[in-house]
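Subject: Structure for you to look at, with notes on the ligand site

Dear colleague,

I am passing on the structure below, and my notes follow it. Please read them with the coordinates open beside you.

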Amino acid sequence: MAHYHTPCMPNEVAYYLNCRPGQTIVDGTVGGAGHSRMICSQIAPDGLFIGIDQDKDAIRHAREVLAPWIHRTHLIHANFGDLNRILDTLGLTAVDGILLDIGLSLHQLKASGRGFSFTQDEPLDMRMNTDNPTTAADIIQTADERTLAGIFRDFGEERRAKVFARAIVREREDADLTQSRTLSELIVRMVPRREAARQKIHPATRVFMALRIAVNHELENLRQVLPVAVRRLNPLGRLCVLSFHSLEDRIVKHTFREMSKDCRCDPALPVCACGRNPQVRLLTRKVVRPGEAERAANPMARSTRLRAVAKRPPTEEVA
Ligand SMILES: C[S@@+](CC[C@H](N)C(=O)[O-])C[C@H]1O[C@@H](n2cnc3c(N)ncnc32)[C@H](O)[C@@H]1O
């Protein structure tokens, strides 16, 4: 693995996850193992670390980085959406903290050779887990125009979704669109030069992001894992999520807000009928962003958004 990740917002993650010696902590997105390493050193010598990543490269790399703590570490190649099964298999009912740092690792972006970036010419693969069957090229070559436009619009918030989808369907009749460069050049040709000059980002940024989200079912995985993660926390255990764009952050924000609500009944009802207790306490009322210094030093961190919650103890234990 050529790229070692400088973990995003390490001080903030340390603060909100609040790891202490002897705890059991899950990092659901090991990536370059920067956060994992920090967590392992904080829970040592008796803590238990569970590191999950759906990318085999990340797991392989983490084995080296986490060597000093490997006797108290489980590294698992899996989707964090399978958290329940993973913890059941390890015989763990609950853990003290869970970290999810959603998105791409530097290795995936720069060195995996899987076409995540429009700046390199690579096969359009984009699978984080190469055991999964569908690549980005499969989608580009076979999806119908409506589906493509839906992907670009829903996962990329791309204004020109329909234009790009139409161009792809037309172009693929004669040309092979299975390389990242060919796709990005086609997108660039579809954007009037004046408009491209005004844009702050490369014209293909949103299309590449949307494809990656679709290939890896990223939003579904996130929606699925959040309630499971909270369920599998010990009372007062922490869940900390780092996300990189507004679509993900919206899911985290709404889920945390719902889980922190006292009662879901219509306020007009005289008494509570739902019997709900809030499951979590919000540790971050507003989203937390990296500081000035980190943004200057680590461009990868610029769009990071952090939110965290603590699991509420059952009501009878609340003081
Ligand atoms: C931003 S990187 C994590 C960086 C890491 N925190 C560090 O300090 O180096 C995101 C990682 O999460 C992994 N990932 C994304 N979605 C996943 C999922 N649903 N299940 C398991 N791993 C996932 C990716 O493969 C990638 O390696």
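How far is an oxygen atom of the ligand from an N or O atom in the side chain of aspartate 53? The separation is 2.7 Å, and please keep in mind throughout that the model is a predicted one.

On its own the ligand has 610 Å² of accessible area, of which the protein covers 99%.

There are 23 residues around the ligand, and those that come nearest are His35, Asp53, Phe80, Asp101 and Gln108. Sorted by class, this shell holds seven nonpolar, 13 polar and three charged residues.

As for the space itself, the count comes to one cavity of 30 Å³ or more, and the largest cavity, with a volume of about 340 Å³, is the space taken by the ligand. It is lined by 27 residues, with Thr29, Asp53, Asp101, Ile102 and Gly103 the closest to its centre; the elements that give two or more residues to this lining are helix H2 (34-43) and helix H12 (218-231). By class, the lining of the largest cavity comprises nine nonpolar, 14 polar and four charged residues.

With best regards

Terms used
Residues numbered from 1 in each chain as written. Predicted model: local features only at pLDDT ≥ 70, side-chain atom pairs only at ≥ 80, totals over all residues. Heavy atoms only, no water. Near = heavy atom within 4 Å. Polar contact = N/O pair within 3.5 Å; in protein donor to acceptor, adjacent residues only side chain to side chain. Areas by Shrake-Rupley, 256 points an atom, 1.4 Å probe, with all protein chains shown as cover. 1 Å grid on protein atoms, 1.4 Å probe; cavity = no way out; pocket = protein on both sides within 12 Å on 5 of 7 lines; lining within 4 Å. Sits in = over half its atoms within 2 Å of the grid points. Nonpolar A, V, L, I, M, F, W, Y, C, P; charged D, E, K, R; others polar. Points joined across faces, edges and corners; volume = space filled by probe spheres on them. Helix = DSSP H or I, 4+ residues; strand = E, 2+ residues; numbered from the N terminus.
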